[in-house]
Amino acid sequence: MSGAEQTPAEDVAGEGDVWLILPTYDEALNVERAVSEAGAALPNGHRILVVDDGSPDGTGAIADRLAAEDSRVEVLHRSVKEGLGPAYVAGFKRALGAGARVVCQMDADGSHDPSDLGRLIGEIDDGADLAIGSRYVDGGRIEDWGPGRRAISRLGCAYAAAWLRIGVRDLTGGFKAFRATTLAALPLDHLETHGYAFQVELTYRAALAGARIRELPIVFRDRRLGRSKMTTEIALEAAVSVPMLRRRVGRGSP
């Protein structure tokens with residue numbers, strides 16, 4: 001399937017087997033739009049799981065209202081902010097325990113276009129084990145970022161790919177669809193990273209396990225509202241984590 005094709009969400013996957021995990025922290029300005037737009041793009045019978053890490057801005061309460069209004073929406077409240085990785089792992093476990101066949105992940109801040117979910121899910125139906133919405137394959141691009149931020153992001157992906165020796169172009173991207181059996185085979189309880197590098201580790205471990213990985217071009221936009229969670233400290237932590245992943249996980253181990 002070509003990455004440029006627009007696959008209607010209703011034509012892929014069966015009812016009730018696609019879950020979208022949407023982690024949030026202080027996304028009160030964005031969560032309702034994210035849930036609404038994702039719900040319109042996902043196949044019938046989908047589930048959207050908002051995983052909120054005790055947002056002080058009331059994100060969790062907004063998500064609870066959305067869940068009360070739509071039975072396809074569920075909220076997992078976590079009282080402690082532990083980082084992106086643990087939030088995703090908690091959501092993955094809930095989806096896998098409920099019998100999901102495809103598990104998707106997406107940022108809640110508007111940087112990912114929910115209309116691309118159908119294409120990602122379609123790649124899983126077409127034989128991929130992991131489909132990644134990529135900024136760095138032909139047709140992909142970033143909007144609203146300055147040259148410096150673009151360069152740092154692209155260099156970060158190239159740096160991680162060189163250390164880990166895998167051919168994925170957008171290793172730090174967080175817009176993905178997993179075949180559930182592939183996700184379930186990963187050591188979710190023993191991941192090394194919690195923050196920004198979590199996205200790198202998840203893809204790296206899938207590659208080591210022999211997953212068929214495809215990258216599809218997407219347009220990535222800066223968040224619509226609110227403040228970015230990215231800091232210099234988080235970026236430095238990710239840079240240090242990549243060589244550690246190479247040493248600890250190794251090429252021969254999933």
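Predicted model: local features only at pLDDT ≥ 70, side-chain atom pairs only at ≥ 80, totals over all residues.
Q: How many residues apart are arginine 78 and aspartate 53?
A: Arginine 78 sits in the loop between β3 (73-77) and α3 (84-97). Aspartate 53 sits in the loop between β2 (47-52) and α2 (59-69). The pair links distant parts of the chain, and the spacing is 25 residues.

Q: Which residues does glycine 54 touch, not counting residues up to four places away in sequence?
A: Glycine 54 is in the loop between β2 and α2. Glycine 54 is partly exposed, with a relative accessible area of 41%. With residues up to four places away in sequence left out, glycine 54 touches Tyr25 and Arg78.

Q: What distance separates the C-alpha atoms of glycine 54 and valine 80?
A: Glycine 54 belongs to the loop between β2 and α2. Valine 80 is 26 residues from glycine 54 along the chain. Their C-alpha atoms are separated by 6.3 Å.

Q: How many residues apart in sequence are the parts tied together by lysine 93 and aspartate 189?
A: Lysine 93 forms a salt bridge with aspartate 189, with the closest N and O atoms 2.2 Å apart. Lysine 93 lies in helix α3, and aspartate 189 in the loop between α6 (180-184) and α7 (198-208). The pair therefore ties together parts whose separation in sequence is 96 residues.

Q: Which term describes aspartate 189, buried or exposed?
A: Its salt-bridge partner is lysine 93. Lysine 93, at 40% relative accessibility, counts as partly exposed. Over 50% counts as exposed. Aspartate 189 has a relative accessible area of 56%, so it is exposed.

Q: Which side chain of opposite charge is nearest to lysine 176?
A: Lysine 176 is found in strand β7 (residues 176-179). Lysine 176 is buried yet has no salt bridge. A salt bridge needs the nitrogen and the carboxyl oxygen within 4 Å. The nearest side chain of opposite charge, 8.4 Å away, is aspartate 170.

Q: With which side chain does the side chain of lysine 176 make a polar contact?
A: The side chain of lysine 176 reaches the backbone oxygen of glutamine 199 at 3.0 Å. Residues that lysine 176 touches include Val103, Leu120, Ile132 and Leu202. The side-chain polar contact of lysine 176, at 2.9 Å, is with threonine 203.

Q: How many of the nine residues of helix α4 are buried?
A: Helix α4 spans residues 117-125. Its buried residues include Leu117, Leu120, Ile121 and Ile124, and among them are also Arg119 and Glu123. Their cover includes β1 (18-24), α1 (31-41), β4 (102-105), β5 (130-134), β7 and β8 (213-217).

Q: Which residue forms a salt bridge with aspartate 116?
A: The closest N and O atoms of this pair are 3.1 Å apart. Both residues of the pair are buried. The partner of aspartate 116 is arginine 119.

Q: What is the phi of glycine 127 near?
A: Glycine 127 follows α4. Its phi is positive, near 115 degrees.

Q: What is the phi of arginine 165 near?
A: Arginine 165 lies in the loop between α5 (147-164) and β7. At 59% relative accessibility, arginine 165 counts as exposed. Its phi is positive, in a residue other than glycine, and is near 60 degrees.

Q: Where is aspartate 26 found?
A: Aspartate 26 also has a positive phi, near 55 degrees, though it is a residue other than glycine. At 30% relative accessibility, aspartate 26 counts as partly exposed. It is found in the loop between β1 and α1.

Q: How many contacts does the stretch of residues 1-15 have in the model, beyond near neighbours in sequence?
A: The protein chain averages a pLDDT of 85, and 83% of the residues score at least 70. Over residues 1-15 the pLDDT is below 50. Beyond near neighbours in sequence, the contacts of this stretch in the model number 34.

Conventions:
Residues numbered from 1 in each chain as written. Heavy atoms only, no water. pLDDT = per-residue confidence, 0-100. Contact = heavy atoms within 4.5 Å. Helix = DSSP H or I, 4+ residues; strand = E, 2+ residues; numbered from the N terminus. Buried < 20%, exposed > 50% of the residue type's maximum accessible area, 1.4 Å probe, protein only. Lys, Arg positive; Asp, Glu negative; His and termini not counted. Polar contact = N/O pair within 3.5 Å; in protein donor to acceptor, adjacent residues only side chain to side chain.
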